[in-house]
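Student: Before we start, could you put the model on the screen, so that we can go through its pockets and some of its residues together?

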Amino acid sequence: MAAGNNKKSNLLLLLLVFTITLIWMFVFQEIKHLIIPDITMWGSHLYTNIYSALFAVLITWFVLKYRDKLKLRINKEIDSKQGLEREIDEAVSLLDATIESTVDGILVVDKHGKIAKANRKFVELWKVPLSILETKDDDLLLKFLIEQLIEPDKFLEKVNHLYANPAEESYDVL
């Protein structure tokens, strides 16, 4: 697979160099006739061919040199990204383990009103059906929870206050 990609890459590189050289030939031909208007046809083609060949070699060298550097840079960035993804996965795993190991029921709701996390203890305490958790719909969960409360209005008032002030935390016994 890598060899196929390398052949394709080299073919595209050759096509790029050829195209740039062809454009250079036409531009050089026009510039040459502006600078030396009485140049002979043979002299004109000789200069054009020599300078175009040098130009093609220079472009090829430049592209090959920087292509390898670009590949190295891209590979380093990919490795760095994969390392960061592993660190994030480890941090999330540690956080999940911490949330699950607590004796408290924990519910985390994101800023869009979707259930981000509910630990097993929360599900056990409130007898929340898995079908409600799978919807990630906090409104549906709240409707289910308030049916179990003696003072649902106070609870909803507290929830609405927390949603309006996301930086606040709450530790409540219900």
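This is a predicted model: local features need pLDDT of at least 70, side-chain atom pairs count only at pLDDT 80 or more; totals for chains, interfaces and linings use all residues.

Student: Which helix gives the most to the lining of the largest pocket?

Tutor: A pocket here is an open set of points on a 1 Å grid over the protein atoms alone, where a 1.4 Å probe fits, with protein on both sides within 12 Å along at least five of seven lines, and lining residues have an atom within 4 Å of a point. Strand E1 (107-109) and the helices H3 (120-126), H5 (138-146) and H6 (152-164) each supply at least two residues of the lining of the largest pocket, where helices (H or I, at least four residues) and strands (E, at least two) are DSSP runs numbered from the N terminus. With five residues, the one that gives the most is H6.

Student: What is the volume of the largest pocket?

Tutor: The largest pocket is lined by 32 residues, and Gly105, Leu107, Leu162, Ser170 and Asp172 lie nearest its centre. Its lining divides into 19 nonpolar, five polar and eight charged residues, with Ala, Val, Leu, Ile, Met, Phe, Trp, Tyr, Cys and Pro counted as nonpolar, Asp, Glu, Lys and Arg as charged, and the others, Gly among them, as polar. A volume is the space filled by probe spheres set on the grid points, which are joined across faces, edges and corners, and for the largest pocket this comes to about 1200 Å³.

Student: How many charged residues are in the lining of the second largest pocket?

Tutor: The second largest pocket holds about 170 Å³ of space. Its lining consists of Leu149, Ile150, Glu151, Lys154, Phe155, Lys158, Asp172, Val173 and Leu174. By class there are five nonpolar residues and no polar ones, and the charged residues number four.

Student: Which residue caps the N-terminal end of H5?

Tutor: Asp138, which is found in helix H5, is buried, with a relative accessible area of 1%. Not counting residues up to four places away in sequence, Asp138 touches Leu107, Val109, Gly113, Ile115 and Tyr163, where contact means heavy atoms within 4.5 Å. At the N-terminal end of H5, a side-chain oxygen lies 3.0 Å from the backbone nitrogen of Asp139, and the capping residue that supplies this oxygen is Asp137.

Student: Is Asn119 buried or exposed?

Tutor: Asn119 lies in the loop between E2 and H3. A polar atom of its side chain lies 3.0 Å from the backbone oxygen of Ile99, and beyond its neighbours within four places in sequence, the contacts of Asn119 include Glu100, Thr102 and Asp104. At 0% relative accessibility, Asn119 counts as buried.

Student: How far apart in space are Phe155 and Leu142, C-alpha to C-alpha?

Tutor: Phe155 is found in helix H6, and with a relative accessible area of 14% Phe155 is buried. Leaving aside neighbours within four places in sequence, Phe155 is in contact with Leu142, Leu145, Ile146, Leu149 and Leu174. Although Phe155 and Leu142 are 13 residues apart in sequence, their C-alpha separation in space is 9.6 Å.

Student: What is the phi of Lys127?

Tutor: Lys127 has its place in the loop between H3 and H4, and with a relative accessible area of 63% Lys127 is exposed. Although Lys127 is not a glycine, its phi is positive, at about 50 degrees.

Terms used: Residues are numbered from 1 along each chain as its sequence is written. Side-chain values use heavy atoms; hydrogens and water are left out. A polar contact is a pair of N or O atoms within 3.5 Å; within protein, one must be able to donate a hydrogen and the other to accept it, and residues adjacent in sequence count only if both atoms are side-chain atoms. Buried means under 20% relative accessible area, exposed over 50%, partly exposed in between (1.4 Å probe, protein chains only).
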